[in-house]
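Work through the exercises below with the sequence and the coordinates at hand. Each task is followed by a solution in steps.

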Amino acid sequence: MEETIIPVTEQNQLPQTPKHIFILSGQSNMAGRGGVHHHHWDGVVPLDSQPHASIIRLSAKLHWEPAREPLHHDIDVRKACGVGPGMSFANAVKDHLGGAGECLGLVPCAVGGTAIKEWERGQHLYDNMLKRSKESVEKTKGEIKALLWYQGESDTPSFHTAEAYKENMERLIHNVREDLGLPSLPIIQVAIASGDERYMEKVREAQLGIDLPNVICVDAKGLALKEDNLHLTTEAQVKLGHMLADAFLTHFNAPPSQSSPCSAPKTG
């Protein structure tokens, strides 16, 4: 895998608003721990995760800015963030969404160490995800194309939480769609590859067993884990991004319409 270390600098030209928006949510493997060692990120960004002028992100302060790893640095602030699947996903789908010049927006919302109950309607994490999702389309011509969800490791230690996972995840899907006014919003969830061995398979069965319209599951099992046996390696995160991209393009991507350049925010 070819890699380079890039400086964290702003790009010269920033598209103002995105046309295609993707919500990234869940816990630490969505936030990204690739390349994090001893609480510090090594700064290594694979070629597939490099910044691109047409990919932007919504910051914690709700401003659009150039997207670059670590995508969740100002969202998942309790731990060091590294490479996640978001940038490799975005680079893989950007050329298939429309014509040249159309912007893709990423809305990072994932927070490490969180259980599914913490994402219930009315809880801070859920409300913040909803606020950020709504803000991402406010005063723009953008459209939320999908929610990418990778969570569940924190629900593996107990039989009760693992047993309730399917019902809780289905409720989350219903609530997000209802609260965003997007009843057919595509959801691409990731079946976990790690967690407490006692009930990991029970959570995986719940994830793989969800049978709702426009809900697809990508299986992370078999992807390489770091020495902590919990988090995906940088290379595995890049592969996961491609798996998520393949799922989106296969199941949800309509033929591109006539393209238009990135638009400036509406005023008034």
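Axes are lines fitted to C-alpha atoms, for helices over the stretch in contact, and angles run from 0 to 180 degrees between N-to-C directions. Helices (H or I, at least four residues) and strands (E, at least two) are DSSP runs numbered from the N terminus. The model is predicted, so local features need pLDDT of at least 70 and side-chain atom pairs pLDDT 80 or more, while totals for chains, interfaces and linings use all residues. Residues are numbered from 1 along each chain as its sequence is written, and side-chain values use heavy atoms, without hydrogens and water.

**Exercise 1.** Describe how α2 and α6 pack.

Step 1. Helix α2 (residues 86-93) and helix α6 (residues 234-251) have axes that come within 7 Å and cross at roughly 40 degrees. α2 is therefore oblique to α6 (under 35 degrees is roughly parallel, over 145 roughly antiparallel, 65 to 115 roughly perpendicular, the rest oblique).

Step 2. The crossing of α2 past α6 is right-handed (the near helix is turned clockwise from the far one by less than a right angle).

Step 3. From α2, Ser 88, Phe 89, Ala 92 and Val 93 make contact with residues of α6 that include Val 238, Gly 241, Leu 244 and Phe 248 (contact means heavy atoms within 4.5 Å).

**Exercise 2.** What lines the largest cavity, and which helix supplies the largest share of the lining?

Step 1. On a 1 Å grid over the protein atoms alone, a cavity is a set of points where a 1.4 Å probe fits but cannot get out, and lining residues have an atom within 4 Å of a point. One cavity of 30 Å³ or more is counted, and the largest cavity holds about 40 Å³ of space (the space filled by probe spheres set on the points, which are joined across faces, edges and corners).

Step 2. Its lining consists of Ile 23, Met 129, Leu 130, Ser 133, Leu 147, Val 176 and Leu 180. By class, six are nonpolar, one is polar and none is charged.

Step 3. α3 (124-137) and α4 (159-180) each give at least two lining residues; the largest share, three residues, comes from α3.

**Exercise 3.** Where is the cis peptide bond?

Step 1. The cis bond joins Glu 69 and Pro 70, with omega about -10 degrees.

Step 2. Pro 70 is in the loop between β7 (64-66) and α2.

Note on methods
On a 1 Å grid over the protein atoms alone, a cavity is a set of points where a 1.4 Å probe fits but cannot get out, and a pocket is an open set with protein on both sides within 12 Å along at least five of seven lines; lining residues have an atom within 4 Å of a point. Ala, Val, Leu, Ile, Met, Phe, Trp, Tyr, Cys and Pro count as nonpolar, Asp, Glu, Lys and Arg as charged, and the others, Gly among them, as polar.
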